[in-house]
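Let's take a friendly walk through a protein, with an eye on its aromatic rings and its nonpolar cores. Have a look at the structure first.

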Amino acid sequence: MFGNYLIGLREGLEASLVVCILVAYLVKTGRREALRPVWLGIAVAVILSMSFGAALEFGSQELTFEAKEALGGSLSILSVGLVTWMVFWMRRTARHLKSELHSKLDAALAMGTGALVATAFLAVGREGLETALFVWTAVRASNDGTADPLIGVVLGLVTAVVLGWLFYRGALRINLAKFFTWTGAMLVVVAAGVLAYGFHDLQEADWLPGLHSLAFDISSTIAPDSWYGTVLKGVFNFQPDPTWLQVWMWALYLVPTLALFLRPGRVSPSTAAPTNREPEPHDTQVAPSAAGSSDRSGGTDAGDDAHGVHDGARRAGEHSVGGQG
């Protein structure tokens with residue numbers, strides 16, 4: 001359940017932060033009339049994501065065993081690719097996410113209501129579709145015949161919504177840079193298990209050879225129906241009798257991906273000075289255009305002890321980015 005909870009939390013929190021940025025910017029700039037089309041776009045994105053997940057679940061039930069395994073394996077590999085791209089993209093570009101969303105909103109405001117709906121839909125819809133696909137494949141990979149995997153995802157999504165609301169209200173401060181780094185690393189571990197399970201599905205569909213070529217079989221030591229076997233299955237998608245192909249794909253994905261993701265970034269002298277740094281990835285605050293020049297010329301030094309999101313839309317204009325008066 002923990003692995004699926006982590007997926008729901010991480011993916012849901014990214015979507016929640018996007019919503020917070022969109023709504024807070026409109027509120028703080030006095031354009032509340034644009035909130036309705038933005039919320040409409042968000043609602044359509046959520047409905048589409050849920051419909052996509054339902055189509056995957058119920059549509060696959062009508063397939064033959066081989067077709068179902070082939071579909072599940074292919075989508076598992078695709079979802080791992082999307083999630084891997086997402087965690088690296090978030091680490092590389094999250095510091096500019098706020099300004100990019102603000103620019104898109106400004107352009108949409110100039111174009112009209114339809115553009116606002118489309119902007120909100122695209123901003124949230126991408127996160128939603130990625131979440132639906134990865135959740136479906138991860139739940140399928142860790143399914144133990146109970147509702148625990150799905151419950152874990154739902155609890156993660158609910159937690160993400162609550163955290164997003166607390167960020168917006170200014171009631172919670174958290175170092176989002178470290179949060180996304182460590183949850184991203186754990187998500188890579190979960191994705192490795194999903195990838196291995198996907199290749200096993202393709203073997204069962206007879207698309208790939210080696211189904212009966214086992215790397216090891218420790219089922220007698222770690223029984224799949226034991227409590228510790230269930231924990232390992234839920235967290236790491238552990239299988240006590242994997243094939244050689246599963247083991248190799250798990251290792252070839254996990255080791256280099258995790259090493260690249262956790263590799264310290266290089267800091268150039270021009271960005272090392274506190275006065276020249278841009279806001280860190282966790283900085284999703286929104287300042288009024290008259291006082292928030294840090295969006296255009298760089299923010300205050302956030303560093304590793306970053307402040308996170310702590311300025312709610314209720315206190316519009318009271319503080320500039322970074323908490324300066």
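Does Phe88 count as buried, partly exposed or exposed, and what is its relative accessibility? In this predicted model, Phe88 counts as partly exposed because its relative accessibility is 23%, and buried would need a value under 20%.

**Aromatic pairs**

A pair of aromatic rings is described by the distance of the centres and the angle of the planes. The structure holds two such pairs, listed here:

| Pair | Centre to centre | Angle between planes | Arrangement |
|---|---|---|---|
| Trp85 and Trp89 | 5.9 Å | 20 degrees | stacked |
| Phe88 and Phe261 | 5.6 Å | 85 degrees | edge-to-face |

Phe88 belongs to helix α3 and Phe261 to helix α9 (residues 244–262), so their pair ties together parts that are 173 residues apart in sequence. Phe261 is buried, with a relative accessible area of 2%.

The two tryptophans, Trp85 and Trp89, both sit in helix α3, four residues apart, which is about one turn of the helix. Trp85 is partly exposed at 40% relative accessibility, whereas Trp89 is buried at 13%.

**Nonpolar cores**

The largest nonpolar core has 27 residues, and Val18, Leu22, Val38, Leu101 and Leu105 have the most contacts inside it. Helices α1 (2–28), α2 (35–60), α3 (65–93), α4 (97–111) and α5 (113–142) each give two or more residues to this core, with the largest share, ten residues, coming from α1.

Which residues does Val18 touch, leaving out those up to four places away in sequence? They are Leu97, Leu101, Ala123 and Val124. Apart from this core lies another, of 23 residues, including Ile7, Ala138, Ala191 and Leu195.

Key
Residues are numbered from 1 along each chain as its sequence is written. This is a predicted model: local features need pLDDT of at least 70, side-chain atom pairs count only at pLDDT 80 or more; totals for chains, interfaces and linings use all residues. Side-chain values use heavy atoms; hydrogens and water are left out. A nonpolar core is a set of buried Ala, Val, Leu, Ile, Met, Phe, Trp, Tyr and Cys residues joined through side-chain atoms within 4.5 Å. Buried means under 20% relative accessible area, exposed over 50%, partly exposed in between (1.4 Å probe, protein chains only). Contact means heavy atoms within 4.5 Å. Rings of Phe, Tyr and Trp (its six-membered ring) pair if their centres lie within 6.5 Å; planes under 30 degrees apart count as stacked, over 60 as edge-to-face and the rest as tilted.
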